[in-house]
Amino acid sequence: MKQEQRVPPLLNDLYQFTMAYAYWRAGRHQEPAVFELFFRDNPFGGGFSLFAGLHDCLLFLRSFRFSDEDVEFLRSVLPPATDPAFFQFLRGLDCSGVTVRSVPEGTVVFARVPLMEVAGPLAVVQLLETSLLCLVNYASLVCSNAARFRLAAGPRRRLLEMGLRRAQGPDGGLTASRYTHIGGFDLTSNVQAGFLFGIPVAGTMAHSYVTSFNSLEEVWPQTLAAANGDPEPVDVISLTKGWLSRVCELLGAEPEKIREGELAAFLSYAVAYPQNFLPVIDSYSVGCGLLNFCAVALTLCELGHRPVGVRLDSGDLCKQSVDVRRVFRLCSEHFSIPAFDSLIIVGTNNISEQSLAELNKKVKGVNVMVGVGTHLVTCTKQPSLGCVYKLVEVRGRPRMKISEDPEKSTVPGRKAVYRLVDADGEK
């Protein structure tokens, strides 16, 4: 979607237009003015935020123009007494006279420090307020939330953003995918974000794929060629049954308790993607799912393919991760299959910042990639960053808001932002 379609100039509050008209009517619309965009309190009870959304803001400013259709709609919603000449004025507006000073995107920022300074003709920079706030508020909030998840996870654990289905609409989902990547996430499940922004995408199967199978008769094709190029296909069902028997014997499990439908689903997916086999193993129970996975994964290894790992989506992720890793090591040692040592575990069960920190502490030595959705993209700890856009100068003279609520008072005049660093490089 083009930026001018995503953030058209009518994506605005009506009072911006009534103020612009009043400025125009008073002959003040061309007066040079300066606004600052900032937030009053650090989000999530923390000590910092990350600034994001600047790129989108610049695209919006470059495409800011009212079409004839836009102007006609404004004519229909503004009071009838509005001078018709004002609409002609709107038709010719753009942001060629607007300048922006900003901290770089992705920069660590703090409360009450200007993130952006927007200068230009008074009526134009007034009209920009709502759209700029819309583009910065959520982008910065979700980027900051992602940074907190990254800090909780540590630098080495891979993080997957998978919140599209939980996000506040399609635009919120796309914004979340983009800015959580800037905030420290490695991957996204959002294919459109991968297409538009070059973010690496990841994903395999859902529970519905597993539960759609009932028996091994549904597996097709029932053969798989070895990775070494041998043209003779191998009967994977017989091979997998043999491995399942050996795994059950190793782990003291009862083969008759295995769900054949789940085994069929895993085997079918493995035949389709022998180099990308990473199923969800808790559609019924992690114990049985793990047995089925090991049998199919060992089949792939025997044929020279390399399974990827498993996904856990319910229960105690810390305990299960440790148990699954223990089984992988047993299989590696007992069957002399080194590939099992490098299998990954993906945890996706309603991960929060707190549960991620706990996971990182309890399973420090276990290779667990974490997928985060709801708590990341909806920012459940805090719904809004609360950015504001305040007038600080008109015609070169400072302007200040004084409020009965002291926190809403502003500091007048244009400002310079400095980051002080001591001799040890500490800020």
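Trainee: What makes Leu290 or Ile345 a contact of Phe328 in this predicted model?

Mentor: Contact requires heavy atoms within 4.5 Å. Leaving aside neighbours within four places in sequence, Phe328 meets that with Leu290, Phe293, Cys294, Val310, Phe340, Leu343, Ile344 and Ile345; therefore Leu290 and Ile345 both count as contacts.

Trainee: Why is the set of 128 residues called a nonpolar core?

Mentor: The name requires buried residues of the nonpolar kinds, joined through side-chain atoms within 4.5 Å, and buried means under 20% relative accessible area. The 128 residues form the largest set of this kind, so the name applies. Leu90, Leu128, Phe293, Phe328 and Phe340 have the most contacts inside this core. Helix α7, residues 129–153, supplies the largest share, 14 residues.

Trainee: Which residues does the second core include?

Mentor: Leu160, Leu278, Ile344 and Met369 are among its six residues, and this core is separate.

Trainee: How do you know that α14 and α15 pack, and by which residues?

Mentor: Helix α14 (residues 317–335) and helix α15 (residues 353–362) have axes 9 Å apart, at an angle of about 35°. Leu317, Cys318 and Ser321 of α14 make the contact with Glu358, Leu359 and Lys362 of α15.

Trainee: What makes two residues of that contact charged?

Mentor: Asp, Glu, Lys and Arg count as charged, so Glu358 and Lys362 are the two. The others divide into three nonpolar and one polar.

Note on methods: Residues numbered from 1 in each chain as written. Predicted model: local features only at pLDDT ≥ 70, side-chain atom pairs only at ≥ 80, totals over all residues. Heavy atoms only, no water. Axes fitted to C-alpha atoms, helices over the stretch in contact; angles between N-to-C directions. Helix = DSSP H or I, 4+ residues; strand = E, 2+ residues; numbered from the N terminus. Buried < 20%, exposed > 50% of the residue type's maximum accessible area, 1.4 Å probe, protein only.
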